[in-house]
Amino acid sequence: MSTYRELTHRGPARATVLRTVGTRERRSHLSAPRVPTVGVDIGGTKVAAGVVDADGHILEKARAETPDKSKSPKVVEDTIVELVLDLSDRHDVHAVGIGAAGWVDAERSCVLFAPHLSWRNEPLRDALTARLAVPVMVDNDANSAAWGEWRFGAGRGEDHITMITLGTGIGGAILEEGQVKRGRYGVAGEFGHMQVVPGGHRCPCGNRGCWEQYSSGNALVREARELAAADSPVAHNINDRVGGNISEITGPLITELAREGDAMCVELLEDIGQWLGVGIANLAAALDPSCFVIGGGVSAADDLLIRPAREAYRRHLTGRGYRPEARIVRAQLGNDAGLVGAADLARLVARRFRRANRRRVERYARYERYAQAVRGGRGA
């Protein structure tokens with residue numbers, strides 16, 4: 001007898017077999033089926049996908065460049081589908097989780113806005129579900145990363161964590177007692193756009209003085225390039241490294257030079273870290289978590305960034321000396337946190353697929369028995 005998976009993959013297109021579950025995690029991760037799922041992390045420059053087992057181990061990864069943002073959203077959708085189907089050829093995938101760099105609605109079905117892609121009110125979940133033979137879960141990439149760190153990384157054992165992702169800008173997520181807090185409209189955790197300097201640097205969001213203008217990869221690179229362009233004597237080392245081509249100054253280069261002892265780069269990371277600590281103190285006053293997990297590409301600077309952040313946090317914390325202090329730790333899963341978290345969140349909806357799979361196989365078996373009985377009766 002053909003398996004249900006084989007049946008659903010016949011023909012020119014892969015049929016939809018199931019809608020995803022509703023707006024919240026309906027089952028504990030402890031009772032989720034221990035089946036492989038695919039996590040997809042969509043950024044401004046790449047789409048990364050990986051098959052993840054129930055223990056958070058990545059069995060296989062695939063990656064493609066993110067198509068230019070001026071192209072149709074369907075081009076990005078096609079890229080996701082190709083990666084998932086390629087992995088599905090070698091793994092029995094039961095669900096797909098998408099971590100998207102953008103605002104995702106409370107239903108986790110539509111990407112309201114993605115700053116680096118041309119997604120505006122894009123019904124991504126339904127579009128992908130219509131093309132894949134497994135249920136699809138869509139969430140913000142920082143939410144997915146926070147879930148991954150809580151399940152398998154630096155947030156294990158914590159009941160209340162706040163995730164801060166430092167990359168081009170600042171993303172964030174809130175997780176309390178095993179549930180991601182997405183807010184009424186699904187866009188909670190946009191910490192990077194808290195105003196910390198009224199009338200400060202202009203932010204692409206349209207406002208001035210946003211936190212990410214002072215503590216992010218963009219802020220780090222902006223300050224280094226300004227010093228280099230001014231031919232400051234403190235920037236001679238980095239200018240020599242890039243041969244005077246200021247556009248080649250990047251965050252990883254600044255971190256590398258800081259590790260080598262370059263005074264300017266060390267100071268720039270300290271500045272970014274201090275602003276990070278100020279923002280964390282504000283978040284502690286509002287959210288009171290037990291642990292702040294710092295992820296994203298800039299977190300690769302480790303103690304060059306985290307140490308000044310901890311110091312600034314203690315200086316600015318409301319009620320300091322009379323309240324418990326949350327831990328500030330670096331994320332453990334690195335750039336894979338969003339992928340692993342998205343796959344694990346998708347595992348929460350995989351059970352419905354398995355039940356639907358079983359019911360369809362049972363119906364097919366009953367039909368086969370009925371057809372054989374009819375054929376046998378005619379032969380008699």
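This is a predicted model: local features need pLDDT of at least 70, side-chain atom pairs count only at pLDDT 80 or more; totals for chains, interfaces and linings use all residues.
Setting aside neighbours within four places in sequence, A62 touches V47, A48, A49, L83 and L87. A62 sits in strand β3, which covers residues 58-65.

**Around A62**

- A62 has a relative accessible area of 15%, and it counts as buried because that value is under 20%.
- L87 is one of the contacts of A62, and the C-alpha atoms of these two residues are 7.7 Å apart although 25 residues separate them along the chain.

**Salt bridges**

- Side chains of opposite charge can pair when their charged atoms come close.
- The count of salt bridges in this model is 21.
- One of them joins the side chains of R34 and D55, with an N to O distance of 2.9 Å.
- R34 belongs to the loop between α1 (4-8) and β1 (37-42), while D55 belongs to the loop between β2 (46-52) and β3, so this pair ties together parts 21 residues apart in sequence.
- In that pair, R34 is exposed at 59% relative accessibility, whereas D55 is partly exposed at 39%.
- Another salt bridge is formed by R182 and D139, whose closest N and O atoms lie 2.6 Å apart.
- That pair links distant parts of the chain, 43 residues apart: R182 is in the loop between β11 (179-180) and α5 (217-229), and D139 is in strand β8 (residues 136-140).
- Are these two partners buried or exposed? R182 is buried, with 9% relative accessibility, and D139 is buried too, with a relative accessible area of 1%.
- E270 and R307 also form a salt bridge, with 3.2 Å between their closest N and O atoms.
- Here the link runs between helix α8 (residues 263-287), which holds E270, and helix α9 (residues 303-316), which holds R307, and the two residues are 37 apart in the chain.
- Both partners are partly exposed: E270 has a relative accessible area of 25%, and R307 has 35%.

**Nonpolar cores**

- In soluble globular proteins, nonpolar side chains tend to be buried together.
- The largest nonpolar core in this model contains 40 residues, and I164, I238, L276, F292 and Y313 have the most contacts inside it.
- At least two residues of this core come from each of β9 (160-166), β10 (170-176), α5, α7 (251-259), α8, β12 (291-295) and α9.
- Which element gives this core its largest share? That is α8, which supplies 10 residues.
- F292, leaving aside neighbours within four places in sequence, has contacts that include T162, I164, I280, L283, A284 and Y313; A326, R327, I328 and V329 are also among them.
- A second, separate core has 29 residues, among them V47, V51, I80 and V138.

**Helix α8**

- With 25 residues, α8 spans 35 Å from its first C-alpha to its last, close to the 36 Å expected at 1.5 Å a residue.
- At the start of this helix, a side-chain oxygen of D262 comes to within 3.2 Å of the backbone nitrogen of M264.
- After α8 comes D288, which has a positive phi, near 50°.

Technical notes. Residues are numbered from 1 along each chain as its sequence is written. Side-chain values use heavy atoms; hydrogens and water are left out. Helices (H or I, at least four residues) and strands (E, at least two) are DSSP runs, numbered from the N terminus. Buried means under 20% relative accessible area, exposed over 50%, partly exposed in between (1.4 Å probe, protein chains only). Contact means heavy atoms within 4.5 Å. A salt bridge is a side-chain nitrogen of Lys or Arg within 4 Å of a carboxyl oxygen of Asp or Glu. A nonpolar core is a set of buried Ala, Val, Leu, Ile, Met, Phe, Trp, Tyr and Cys residues joined through side-chain atoms within 4.5 Å. The expected span of a helix is 1.5 Å times one less than its number of residues. A polar contact is a pair of N or O atoms within 3.5 Å; within protein, one must be able to donate a hydrogen and the other to accept it, and residues adjacent in sequence count only if both atoms are side-chain atoms.
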